[in-house]
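Take a look at the picture, then read on.

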Amino acid sequence: MAKTELPERAQYVIVGGGIVGCSVAYHLAKMGHNDVVLLEQGQLSCGTTWHAAGLVGQLRSQPAMTNLIRYSTQLYADLEAETGLATGWMQCGSVTVARSEDRMTMLMRTAAAARAQGVDVDVLTPQQAQEKWPVMQVDDLKGGIWMPGDGKANPTDLTQSLAKGARMRGAKVIEGIKVTNILTKEGRVTGVETDQGRIEAEIVVNCAGQWARRLGLMCGVNVPLHSAEHMYIVTETMKGVNPDLPVLRDPDGFIYFKEETGGLVMGGFEPEAKPWGMDGIPDKFEFSLLPDDWDQFEILLENALIRVPEMETTGVRKFYNGPESFTPDNNYLLGEAPELKNFFVGAGFNSMGIASAGGAGRALAEWIVRGEPTSDLFAVDIRRFADFNNNPTWLHDRVKETLGLHYAMPWPNRELDTARPFRRSALYDRLAAKNAVFGSKMGWERANWFAPEGTAAETNYSFGRQNWHNAVAAEHKATREDVAVFDQSSFAKLLVQGRDACAELNRICAANIDVDTGGTVYTGLLNARGGYESDLTVLRLKEQEFLLITGSAQAVRDADWIEKNLSADAHVFLTDVTAAWSVLAIMGPKSRQVLQKLTKANLSNAAFPFGTLQKIDLGYATVWANRMTYVGELGWELIVPVEFTVGVYEDLKRAGQGHDIVDAGYYALDGLRLEKGFRAWSRELTPDITPLQAGLSFAVDFEKPGGFIGREALVAAKADPDHLNKRIIQLVVKDEAVQLWGGEAVLCDGVEIGEVRSAGYGHTLGAAVALCEINAAEPVNAEFIKSHSFEVDVAGKRCAATAYLRTPYDPKSERVRAEG
Ligand SMILES: Cc1cc2nc3c(=O)[nH]c(=O)nc-3n(C[C@H](O)[C@H](O)[C@H](O)COP(=O)(O)OP(=O)(O)OC[C@H]3O[C@@H](n4cnc5c(N)ncnc54)[C@H](O)[C@@H]3O)c2cc1C
């Protein structure tokens, strides 16, 4: 074949000819953007792709990821007809079996959630599972599920087919060329340097698989991933193993099986993985494997022999040990890098790159062309990580755990154990001494709950009530009736200053933030579709100085969103000041009495109304006190210079002694906010939900001068009679013993209509409370709520619930049925 000439310039340069790079090229070209050059240092698929097992399972931990794979399955089925190159796609279905009651509960929950997402799934008895997969023994099984839409593909053929589809539409695919540097100018990418010359480019896409981290570092972009060894074997032929045998997953044994040339591919996800490539990934790794490691594989083999005893007498044809890149949370990395304009990343596929590539490639191509994602992709958005997540020692220790997460029990509230503690607030040791049980968010160690004295400070996971239920009930009660302190230092804090700060922020925020100095405004940041990119609180410190307090996980993403939306010549400076300030929230009816003991400031309603902030003295410290609440009670968020945090905390605890003050954690906070109906970003508030659908119109100012991003879409939505068919509603479960965790299917008159986005226990209402997204065939208004019955599917059991558009928790009038 004649060597393709290296062009001097291209609109899009993609680095990496694995399945992901080829999918991005294919989708860009399909969208009519064919000035694409894909550069591969070896041959197409020679990196990780060629040795993948080729399983395509649709169900993932996040609905957005499941949706992308559902698209992959359609694409893989149709691609051969389009390109003439076979993909090896076969919709053979999959069986997943459960060895324990807990796993069966989990599968039943999964089945309900899958159905709510439109994925076909049936629950199986052990015997039915065996009928579908006769080679296995089922004596120890509790049951399973059947997903007819799952399948398998040939990764190399699929990659070639995608590349051909891209070429057919004008894209250039060049093999045997290595990108040696990324060219940048004034904060944006301008091209790539290769071992054969330079190509100028408007957009560069990093699809370099396990090399993507190093490629990122060439231009100051963090791509937090680390390689780990990943293994499977292929057996000699076995009786009863036919090409149409479904894929089998046995997650309690950490293993999977699929048919290959009459034998079985058997691999898995062991609980403790073996990191690889600590000294860097070699350049020359074309079609290469790592040495067999039977010791590491032993746990998988032992379990395979339990499931398929015949393997004992069947020979092994080949051992595959290939490195694959894993991320800190087992979700991949997609999107424009916040550090460098026009530099996009699609990498870190955590051993689901074959299944995900179709959907992820399309999503990334759309993001590139349209300048923003076209649906909610936060679960895989590269901006969920910060520079500290790219620390190689931390990544090394973390990926030991993330590989195994594929088949680990996804317990509600499950926390990762490795590479912790990572980020610690000034109060970490003090709270640990009080029996705090920590969880981790954006790397911060945060007290989830406080174990009573004399009990173990650890969470025992289960799908029913967990061991913290009563302790959290006490924290909840104290917040509603007395006073509690929450360490919320992990809040992200962004300082926005400059001559144009007010005007620019007001255009980016949906509410009017041009309030008096000392005003505090709750607002959404909306996209052009009117959906939530964030919700946060804006504190006006000075005329042109604003402190934005936002979710712990949102620092990078919110900063990026704001900076991208600033006018070109605006005089505005944004600084992440998260590390400089702690936040201690003192909440509850007695919070004023406690605080008043420590300050000369007047805390009365008249002098310090809701929605305002003041700099006040507090003991020896000087702090910002912000009259806000996320729990629905009287309270202040104290924004404290980090070095004064311990002093303020000790003062609060001392002053609160006579008022029954308690420490409270994030589980209590969640139950309190859910009871009050307060929405949370990335749970209820997503880029696909508008304030009208979320019931938050009060935080939108349609009339403010200059408008705001998303206004036109919201005005159109108001006039659209169908817009409110999709809504966020609150459910309170009737049976007080039921426990919800989120992700459950919601039924309206017995038919799936949506899902629980977040759930907790409302200890004041005495029942499980949930905020749910529903999609009806008619507007969801008070009449709709009144005239239908609602249930939640809890692992196959339907639990009746009462629906509300406004919270039934109101301190003045308890359990009032809401009006629309
Ligand atoms: C044993 C094993 C089994 C697996 N089984 C499955 C499965 O059943 N299902 C599934 O969905 N996934 C599976 N996977 C995962 C899947 O293989 C990967 O997620 C996927 O192949 C990643 O594709 P990619 O395009 O991101 O990376 P790669 O295929 O590695 O492609 C990246 C390419 O970039 C090139 N490159 C890097 N640096 C440069 C540079 N500087 N210049 C030019 N080119 C460069 C590399 O040569 C490489 O070809 C498995 C993985 C392993 C290891």
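This is a predicted model: local features need pLDDT of at least 70, side-chain atom pairs count only at pLDDT 80 or more; totals for chains, interfaces and linings use all residues.

**A helix tucked away**

Which residues of H12 are buried? They are Ala501, Cys502, Glu504, Leu505, Asn506 and Ile508. That makes six of the eight residues in H12, so the helix is largely enclosed by the rest of the structure.

Ala501 has a relative accessible area of 0%, so it counts as buried. Setting aside neighbours within four places in sequence, Ala501 is in contact with Val496, Gln544, Phe546, His571 and Val572. Take Gln544 from that list: 43 residues separate Ala501 and Gln544 in sequence, yet their C-alpha atoms sit 5.5 Å apart in space.

Now for another part of the model. In general, nonpolar side chains tend to be buried together in soluble globular proteins. Here, the largest nonpolar core has 48 residues, and Ile14, Val205, Leu334 and Ile368 have the most contacts inside it. Which elements give two or more residues to this core? They are strand S1 (9-15), helix H1 (19-30), strand S2 (36-40), helix H2 (63-83), helix H5 (155-168), strand S11 (197-206) and helix H8 (353-370). H8 gives the most, with nine residues.

Not counting residues up to four places away in sequence, Val205 touches Val13, Ile14, Val15, Val24, Phe344, Leu364 and Ile368.

**Two helix pairs**

Several of those helices also pack against each other. Two packed helices are described by the angle between their axes and the distance between the axes. The table puts two pairs side by side.

| Helix pair | Angle between axes | Distance between axes |
|---|---|---|
| H2 and H5 | about 55° | 10 Å |
| H1 and H8 | roughly 45° | within 8 Å |

Start with H2 and H5. Their angle of about 55° makes H2 oblique to H5, and the crossing is left-handed. On the H2 side, the contact is made by Leu75, Tyr76, Leu79, Glu82 and Thr83, while H5 brings Leu158, Ser161, Leu162, Lys164, Gly165 and Met168. Sorted by type, the residues of this contact are six nonpolar, three polar and two charged.

Next come H1 and H8. Their axes cross at roughly 45°, which makes H1 oblique to H8. H1 passes H8 in a right-handed crossing. From H1, the residues involved are Ile19, Val20, Ser23, Val24, His27 and Leu28. They meet Gly353, Ile354, Ala357, Gly358, Gly361, Arg362, Leu364, Ala365, Ile368 and Val369 of H8. The contact of H1 with H8 divides into 10 nonpolar residues, five polar and one charged.

Val24 and Leu364 take part in the contact of H1 with H8, and both are touched by Val205.

**Spots in the loops**

Loops deserve a look too. Asn342 sits in the loop between strand S18 (333-336) and strand S19 (343-347). Is Asn342 buried or exposed? Its relative accessibility is 12%, so Asn342 counts as buried. Leaving aside neighbours within four places in sequence, Asn342 is in contact with Arg188, Val189, Glu202, Ile203, Val204 and Glu336.

Glu186 lies in the loop between strand S9 (179-185) and strand S10 (188-194). With a relative accessible area of 78%, Glu186 is exposed. Its phi is near 50°, a positive value in a residue other than glycine.

Ala795 also has a positive phi, about 50°, although it is not a glycine. You'll find Ala795 in the loop between strand S37 (790-794) and strand S38 (797-804).

Finally, there's a peptide bond to point out. The bond from Arg420 to Pro421 is cis, with omega near -5°. Pro421 has its place in the loop between helix H9 (392-402) and helix H10 (428-433).

Definitions and conventions: Residues are numbered from 1 along each chain as its sequence is written. Side-chain values use heavy atoms; hydrogens and water are left out. A nonpolar core is a set of buried Ala, Val, Leu, Ile, Met, Phe, Trp, Tyr and Cys residues joined through side-chain atoms within 4.5 Å. Buried means under 20% relative accessible area, exposed over 50%, partly exposed in between (1.4 Å probe, protein chains only). Helices (H or I, at least four residues) and strands (E, at least two) are DSSP runs, numbered from the N terminus. Contact means heavy atoms within 4.5 Å. Axes are lines fitted to C-alpha atoms, for helices over the stretch in contact, and angles run from 0 to 180 degrees between N-to-C directions. Angles under 35 degrees count as roughly parallel, over 145 as roughly antiparallel, 65 to 115 as roughly perpendicular and the rest as oblique. A crossing is left-handed if the near helix is turned anticlockwise from the far one by less than a right angle, and right-handed if clockwise. Ala, Val, Leu, Ile, Met, Phe, Trp, Tyr, Cys and Pro count as nonpolar, Asp, Glu, Lys and Arg as charged, and the others, Gly among them, as polar.
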